[in-house]
Amino acid sequence: MSIYKEKGLIAPDVLPVAHALDIEMKPPSSLGLGIRKAENTSEDPLVHITSLQSPRILKTHLSWDILSSNIGAKAKIIHCIRNPKDVVCSYYSFLHKLKLLTPDTTWNRFFDYFINGNVLYGSYTSYMRKWYPYRNLANVLNIQFEDMKENLENNVREIAQFLDIKLTKEQIRRISNANTFDHKKQEAGKGHVLYRLGKSGGWRSQLTVEQNEIMDMYIKTELDGMDDLKLKYGD
C-alpha cells in the first residue's frame, strides 16, 4: 500500500479495505490437525474482489495450484519466502496466541504436525514444490524474509521496479521506515498477534538438537532438486 500511496495511486485517506483483501482458508475443526474452528469467521471473500478499487492488492497464503487458474498474465505476483525452521516457530506462536490450537497441542506435537504436513495450508515443502516451476515467470517476483530484514530499502526498490513504479530515494526511505518491524508493531498496538520477534534465526533458541536434525533431513529430502532456492536461516 505504501508504494501506491507515495505515488498518489491510492489517496492517503482511503482505507486499505477499499483496495486490499486477504484470501485465506478457514481453520478446520478436525482435532487430528491440532486446530479448533475459529469463531466469527468471515464468508468467502472471493465475491468481494470485483468490488475493490484499482490497484487491487490481494494477500494470501494459498498455494499456487489453487490460485494459478484464476491469475492472468496481467497480475503481478510477489512471493515472499521464509525458511521452514523459522516458519514452524512463528506459526506455532501465531496459532497459540489466536487460541486456534487445542489445549493438548504442545510445541513438540505441533512440530511433528508441521513435518508431516498436518497443519492449516498443508505441507511446507508441497507448497514450495507447487510454486517452484513458476518461479521465473516475468510476472513473478520472489523475495525472502531474511533479505527484507537485512536491507529493506533494496527490497522496496526491487518491488517498485517490478511494479513499474518510479520512486525517488526519499520516497524509498520513507516507505522503508514505515514498514520496519518496530514501526508496524507500534502501529498495530501492544499485544497484536501478528508481531512476535521480528527477526530471522529465532529457531536456534526453540528447536531442540533432535528437532533441528529432523528439519535438516526434511529440507534435504523434501526440497531436493530446488538447487537455486538458496534459503537463508538468519544470524
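Residues are numbered from 1 along each chain as its sequence is written, and side-chain values use heavy atoms, with hydrogens and water left out. Because the model is predicted, local features need pLDDT of at least 70 and side-chain atom pairs count only at pLDDT 80 or more, whereas totals for chains, interfaces and linings use all residues.

The secondary structure comprises 10 helices and 4 strands; helices (H or I, at least four residues) and strands (E, at least two) are DSSP runs, numbered from the N terminus. Along the sequence the elements follow the pattern α-β-β-α-β-α-α-α-β-α-α-α-α-α. Of the 235 residues, 38% count as buried, where buried means under 20% relative accessible area, exposed over 50%, and partly exposed in between (1.4 Å probe, protein chains only). Among contacts (heavy atoms within 4.5 Å) between residues at least 6 apart in sequence, 73% join residues at least 24 apart.

In soluble globular proteins, nonpolar side chains tend to be buried together. A nonpolar core is here a set of buried Ala, Val, Leu, Ile, Met, Phe, Trp, Tyr and Cys residues joined through side-chain atoms within 4.5 Å. The largest such core has 33 residues, of which Val-88 and Tyr-124 touch the most other members. At least two residues of this core are supplied by each of strand 3 (77-81), helix 3 (84-97), helix 4 (107-115), helix 5 (124-131) and helix 10 (209-222). A second, separate core of 12 residues includes Ile-143, Leu-152, Phe-162 and Ile-172. Leaving aside residues up to four places away in sequence, Tyr-124 touches Ile-81, Arg-82, Asn-83, Pro-84, Val-87, Phe-114, Tyr-218, Leu-223 and Leu-231.

Tyr-124 also belongs to the buried residues of helix 5, together with Thr-125, Met-128 and Trp-131. Seen down the axis of helix 5, these residues fall within an arc of 120°, so they line one face of the helix; the arc is that of the directions from the helix axis to the C-beta atoms. An α-helix has 3.6 residues a turn, so residues three or four places apart point the same way. The cover over the buried residues of helix 5 includes helix 2 (64-67), strand 3, helix 3, helix 4, strand 4 and helix 10.

Helix 7 (residues 152-162) buries Leu-152, Asn-155, Val-156, Ile-159, Ala-160 and Phe-162. Their arc around the axis is only 160°, which puts them on the same side of helix 7. Just after this helix, Asp-164 takes a positive phi of about 60°. Leu-152 also lies 8.7 Å, C-alpha to C-alpha, from Asn-177, 25 residues apart from it in sequence. Asn-177 lies in helix 8 (residues 169-178) and is partly exposed, with a relative accessible area of 38%.

His-79 is found in strand 3 and counts as buried at 9% relative accessibility. Residues up to four places away in sequence not being counted, His-79 touches Tyr-127, Trp-131, Leu-141, Asn-142 and Ile-143. The C-alpha atoms of His-79 and Arg-135 are separated by 8.8 Å, although the two residues are 56 apart along the chain.

Arg-135 also lines the second largest pocket, along with Ile-81, Trp-131, Tyr-132, Asn-136, Asn-142, Ile-143, Gln-144, Asp-228, Leu-229 and Lys-230. On a 1 Å grid over the protein atoms alone, a pocket is an open set of points where a 1.4 Å probe fits, with protein on both sides within 12 Å along at least five of seven lines; lining residues have an atom within 4 Å of a point. The volume of this pocket is about 160 Å³. Strand 4 (residues 140-144) provides the largest share of the lining, 3 residues.

Most residues other than glycine have a negative phi, and most peptide bonds are trans. Lys-230, which is not a glycine, has a positive phi of about 50°. Lys-230 is placed in the segment after helix 10 and is exposed, with a relative accessible area of 61%. Tyr-121, likewise not a glycine, has a positive phi of about 80°. Tyr-121 lies in the loop between helix 4 and helix 5 and is partly exposed, at 22% relative accessible area.

Conventions. Grid points are joined across faces, edges and corners, and a volume is the space filled by probe spheres set on the points.
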